[in-house]
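Reader: Please go through this model with me, one residue or region at a time.

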Amino acid sequence: MGIQGMELCAMAVVVLLFIAVLKQFGILEPMSMEDSSDSELELSTVRHQPEGLDQLQAQTKFTKKELQSLYRGFKNECPTGLVDEDTFKLIYSQFFPQGDATTYAHFLFNAFDADGNGAIRFEDFVVGLSILLRGTVHEKLKWAFNLYDINKDGYITKEEMLAIMKSIYDMMGRHTYPILREDAPLEHVERFFQKMDRNQDGVVTIDEFLESCQKDENIMSSMQLFENVI
């Protein structure tokens with residue numbers, strides 16, 4: 001699998017891999033036409049009780065039927081109603097057996113764990129997914145920035161971006177074409193900063209990130225790949 005140019009559309013790689021995993025494990029199942037009248041979201045069957053449909057519909061851009069379908073898939077994989085980081089890593093390790101998905105899964109888990117309590121609730125899951133699939137370009141880019149800003153201080157450093165890039169390469173394993181050199185992740189990070197770090201102060205702010213991404217046709221095209229997934 002060739003992944004040259006990843007510095008231009010890493011957010012597409014990040015999110016599309018995530019969506020592929022969800023589909024593989026049945027969490028993004030096809031929309032069902034049946035009426036889910038057997039109690040709203042079947043709250044009594046799980047340890048964590050998610051918010052009601054009306055509230056989740058107001059917080060996201062999903063319809064009630066879409067939320068019901070997403071919840072069925074989520075509950076099948078996560079009967080307790082919560083996903084901890086070990087489970088998240090296990091799912092990714094099964095989907096990428098030729099690489100090491102541990103670090104990538106850690107970063108993505110933290111991006112979805114909005115309140116930082118060590119577990120992804122159904123609410124966290126659908127709010128994040130709504131942004132990625134139905135949000136505006138601005139919302140999607142802000143979500144991607146939050147993923148890359150590992151320590152959540154409002155800046156992306158070279159060290160943070162390098163950690164993300166290495167985690168993607170590690171997850172893909174050695175089965176890429178052309179074969180990647182050991183310094184390839186660092187080269188991608190340097191290109192990323194040449195493009196994004198407008199004032200050359202060694203960090204990328206949210207404003208620099210948004211401005212640079214919205215001027216890049218490749219990144220803007222990648223944003224459209226998330227639409228019509230469900």
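Reader: In which helix is L186 found?
Author: This is a predicted model, in which local features need pLDDT of at least 70 and side-chain atom pairs count only at pLDDT 80 or more, while totals for chains, interfaces and linings use all residues. Residues are numbered from 1 along each chain as its sequence is written, and side-chain values use heavy atoms, with hydrogens and water left out. Helices (H or I, at least four residues) and strands (E, at least two) are DSSP runs, numbered from the N terminus. On that basis L186 is found in residues 184-196, helix α9.

Reader: Is L186 buried, partly exposed or exposed?
Author: Buried means under 20% relative accessible area, exposed over 50%, and partly exposed in between, with a 1.4 Å probe and protein chains only. L186 has 44% relative accessibility, so L186 counts as partly exposed.

Reader: What separates the C-alpha atoms of L186 and M165?
Author: L186 and M165 are 21 residues apart along the chain. The separation of their C-alpha atoms is 8.2 Å.

Reader: Where does UniProt place the EF-hand domain feature?
Author: The feature comes from an unreviewed UniProt entry. UniProt positions are given in the numbering used here, feature names are shortened, and annotations may be inferred rather than shown by experiment. The record places "domain: EF-hand" at residues 100-135, 136-171 and 184-219.

Reader: How far apart are the end C-alpha atoms of residues 184-219?
Author: This span is 69% helix and 8% strand. Its end C-alpha atoms lie apart by 20 Å.

Reader: Where does T60 lie, and is T60 buried or exposed?
Author: T60 lies in the loop between α2 (53-59) and α3 (64-77). Its relative accessible area is 8%, so T60 is buried.

Reader: Which backbone oxygen does the side chain of T60 reach?
Author: A polar atom of the T60 side chain lies 3.3 Å from the backbone nitrogen of F62. At 2.8 Å, the side chain of T60 reaches the backbone oxygen of L56.

Reader: Leaving aside neighbours within four places in sequence, which residues is T60 in contact with?
Author: Contact means heavy atoms within 4.5 Å. With those neighbours left aside, T60 is in contact with L67, V126, V127 and S130.

Reader: Which residues have the most contacts inside the largest nonpolar core?
Author: A nonpolar core is a set of buried Ala, Val, Leu, Ile, Met, Phe, Trp, Tyr and Cys residues joined through side-chain atoms within 4.5 Å. The largest has 52 residues, and those with the most contacts inside it are Y92 and F209.

Definitions and conventions
A polar contact is a pair of N or O atoms within 3.5 Å; within protein, one must be able to donate a hydrogen and the other to accept it, and residues adjacent in sequence count only if both atoms are side-chain atoms.
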